[in-house]
Amino acid sequence: MSQNFDVYIPVVLLMGFAIIIIIGALIVGRFIRPHHPTELKQTAYECGELPVGSAWSFFNVRFYVVGLIFIIFDVESALMFPVVTVFKELNSIGKGGIVLVEILIFLAVLVSGVAYCWRKGDLDWVKSFQNTVGNKIKK
Amino acid sequence: MNETIVTYLKQFEFVSRGYAGLSPHMATLVSVIIFGIFAFVIVNVCAIIGGLGTYAERKISADMQMRIGPNRVGPYGILQFLADGVKMIMKEDTVPRDCDRFLFFIAPFFCLVGVFATLAVLPFSNGFILTDLNIGVFYLLGVASMVGMGVFLGGYSSNSKWSMLGGMRGASQIISYEIPVTISILSIVLLTGSLSLRDMANAQTGFPTGWYIFHNPFTFIGFFIFFIGILAETNRAPFDLPEAESELVSGYNTEYSGMRFAFFALAEYVEVFVVCSLASVLFLGGFKVPFDIGGNTIIGQLLQVGTFFGKAFLLYYVVIWVRWTLPRLRVDQLMTVCWKYLTPIALFNLVGCAFWMYFFDGKSILTLLLQTGAAAAGGHH
Amino acid sequence: MFLKFLFICSSLAVLFGSLMVACTKDIMHSCIYLFFCLLGVAGLYLTLNADFVAATQLVVYAGGIVILMVFATMLTGGSAFQAHNKFGFKKIPMMGSRETYIIGFISAFLFIAITFKLLLNLKEGLTPLSGQMPFETVRIIGHKLVTDHVLPFEISSVLLLGALVGAAMIARPRRG
């Protein structure tokens, strides 16, 4: 249709290449690789022992917390990118001060949140259980 | 303005004349073919770089430990990676019985698609860039985040405890370290005023004095934060917890064998190259050649490509060097480093860069020193 | 031509993904299909000349939210996995009864009716722009954020602060 969407052609092409390479190699390999499955071969290797039970079990909640904090910073960066991009332009016409103050306020609010989490020990990986118990004993 | 390899080629007369006679549909088709050829070349070059990366890793580590390393296949063993590839493709493809077959199959796709898609915006030179998107570096962050998903799925689908642990660690580590990396990139975007990687490189000069790493104290610290961040994002030592061989066998790819394993390895090594070249573009002047020798001609472009690859390989060497020098971190140290050190410092850097822009109008520290020096010298007369 | 190709691919990804999210029985598979769906949405944004929004979709949703969902699935652990998620509708409380089906059909009907009504009113303007140059949307968004829409921009940081503190609160071990 128009010329300008052509800039996205390489993106699609490269993704396509990646998919083709994997599928192609697996199909080509099918003809030259041996295929002798045995009962023992098909169990999970783990560390050489026979696996006991399934690996899909409860996981610690802190992974989830890391994910949550990540998303918050991710959204923050997504909001910051446009503002930061125009900073230079606006600075050259003398409006840099306003943008600077806006960036500072935006970051200050977020940093206060991080500071709160830090103070309360939410950023500690080995947490919290020992900490709370320790605090109680201290009290 | 979006620039692509096609728009670069169009400045030569015979190409633009050829384009002028085509209908819009045919023009798109021709563009697809040109893009296809260049994308094919770049994918192959990067795959070979990834392969040579495995060779370099073994050879350099051997050098550091006073061993010889691979030396049988080809001169100095340089064809070792091809032998490895042939071996991989001839290996039996074992799939654990209890695994989640669909996810097991699809996990390498995430890694490889994510890594290859980043190649689209890498500026190999002023003209040789597949496509210079307006949102360049942001796009790169977006597609690179698919790798985290692939690592997690590889660990999860295997239904093996070590893989599971490695996958969880890998995903949480990749997303955590994305934060300091993104904030460091933000400070460079602030100085450039553009998201396109080509503009970022063009805003620097061929000499180290004009590089962003020496632009001001904040970017100097920012470079190291960025570098530590990319080490962690690509699961390299000292942050190789997802594949810590002494505790997790081989981490998230323990259960993968043959070609499927090879794709994980390929994706990892190509990603290291991609992030190294990203670091060189953001902080070390990218493709800029001193005095801009050659200009926009083909020879000039090739010089620029050489500069680009030289810087990227230098950083690649440092990455390997770091691996064989530093011991591995613990998980809690890993998270402490990310959330309590790198992220606050990166935020501080961002604010510092903003102040620098505001007070000094984006001039580099060297320019300022020269100016004050000149002013002082002028005062004496 | 390429625009059409992009549009068809993305919309197929969205349709296929969202259908499979609803139909598949394994939660983890649902997450992956959701990923495809979000990827397709990013492609749709791209066809609408909104490149920055598309990249944001990739960074925040495909890279962040899906990982978070996967982690949340790992929290459920045990029972759901041991049954290997073979629960039909019946096993979930409040689902599969006649009332839920009726409510579901009514809401689906309403949704379709409203969508069609909206689409009929908008006879034009639904085709993607075929104009020149994709203008640099990042710059436009940036200018808007620091001039007309300063307040939303600043307030969003308060929203993020709330989310951060909330996340920390949830994960804190219960005392006593």
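Two residues are in contact here if their C-beta atoms, placed from the backbone, lie within 7 Å. With that cut-off, take the contacts in chain B between residues at least 6 apart in sequence: 79% of them join residues at least 24 apart.

Some housekeeping first. This is a predicted model, where local features need pLDDT of at least 70 and side-chain atom pairs count only at pLDDT 80 or more, while totals for chains, interfaces and linings use all residues. Residues are numbered from 1 along each chain as its sequence is written, and chains are lettered from A and ligands numbered from 1 in the order in which they are written.

**Chain B overall**

Chain B has 15 helices and two strands, where helices (H or I, at least four residues) and strands (E, at least two) are DSSP runs, numbered from the N terminus. The C-alpha trace of chain B spans about 80 × 60 × 40 Å along its principal axes. Its radius of gyration is 23 Å, which agrees with the value near 21 Å that a compact globule of 381 residues would have. That radius is taken over C-alpha atoms, and the globule rule is 2.2 Å times the number of residues to the power 0.38. As for burial, 56% of the 381 residues of chain B count as buried. A residue is buried if 20 or more other C-beta atoms lie within 10 Å of its own, exposed if 12 or fewer, and partly exposed in between, again with C-beta atoms placed from the backbone.

H3(B) has 41 residues, which should span 60 Å at 1.5 Å a residue, and its end C-alpha atoms are 57 Å apart, which agrees. The expected span is 1.5 Å times one less than the number of residues. After H3(B) comes B:Met66, with a positive phi near 55°. H12(B) has 26 residues and reaches 38 Å from its first C-alpha to its last, close to the expected 38 Å. H12(B) is mostly covered, with 23 of its 26 residues buried. It is followed by B:Gly285, whose phi is positive too, near 85°.

**Helix pairs**

Axes are lines fitted to C-alpha atoms, for helices over the stretch in contact, and angles run from 0 to 180 degrees between N-to-C directions. Angles under 35 degrees count as roughly parallel, over 145 as roughly antiparallel, 65 to 115 as roughly perpendicular and the rest as oblique.

| Pair | Axis angle | Axis distance |
|---|---|---|
| H4(B) (80-90) and H12(B) (258-283) | about 140° | 6 Å |
| H5(B) and H6(B) (136-144) | roughly 170° | within 8 Å |

The angle in the H4(B) row makes H4(B) oblique to H12(B). In that pair, B:Gly85, B:Met88 and B:Ile89 in H4(B) meet B:Gly258, B:Met259 and B:Ala262 in H12(B). The contact residues divide into four nonpolar, two polar and no charged. For these classes, Ala, Val, Leu, Ile, Met, Phe, Trp, Tyr, Cys and Pro count as nonpolar, Asp, Glu, Lys and Arg as charged, and the others, Gly among them, as polar.

H5(B) and H6(B), on the other hand, are roughly antiparallel to each other. B:Gly114, B:Ala117 and B:Thr118 in H5(B) meet B:Leu140, B:Val143 and B:Ala144 in H6(B). This contact also divides into four nonpolar, two polar and no charged residues.

**Where the chains meet**

Chain B puts 67 residues into its contact with chain A, and chain A puts in 59. On the side of chain B, the elements that give two or more residues are H3 (24-64), H4, H5 (101-118), H8 (161-192), H12 and H14 (331-360). The largest share, 13 residues, comes from H8(B). That side divides into 39 nonpolar, 19 polar and nine charged residues.

Chain A also touches chain C, with 49 residues of chain A in contact with 48 residues of chain C. On the side of chain A, H2(A) gives the most, with 22 residues.

**Two residues up close**

B:Leu195 is in the loop between H8 and H9 (197-202) of chain B and counts as buried, with 28 C-beta neighbours inside 10 Å. Leaving aside neighbours within four places in sequence, the contacts of B:Leu195 include A:Phe81, A:Thr85, B:Phe138 and C:Val138. B:Leu133 is 62 residues away from B:Leu195 in sequence and 8.3 Å away in space, C-alpha to C-alpha.

B:Ile34, in H3 of chain B, is partly exposed, with 17 other C-beta atoms within 10 Å. Not counting residues up to four places away in sequence, B:Ile34 touches B:Ile5, B:Val6 and B:Leu9.
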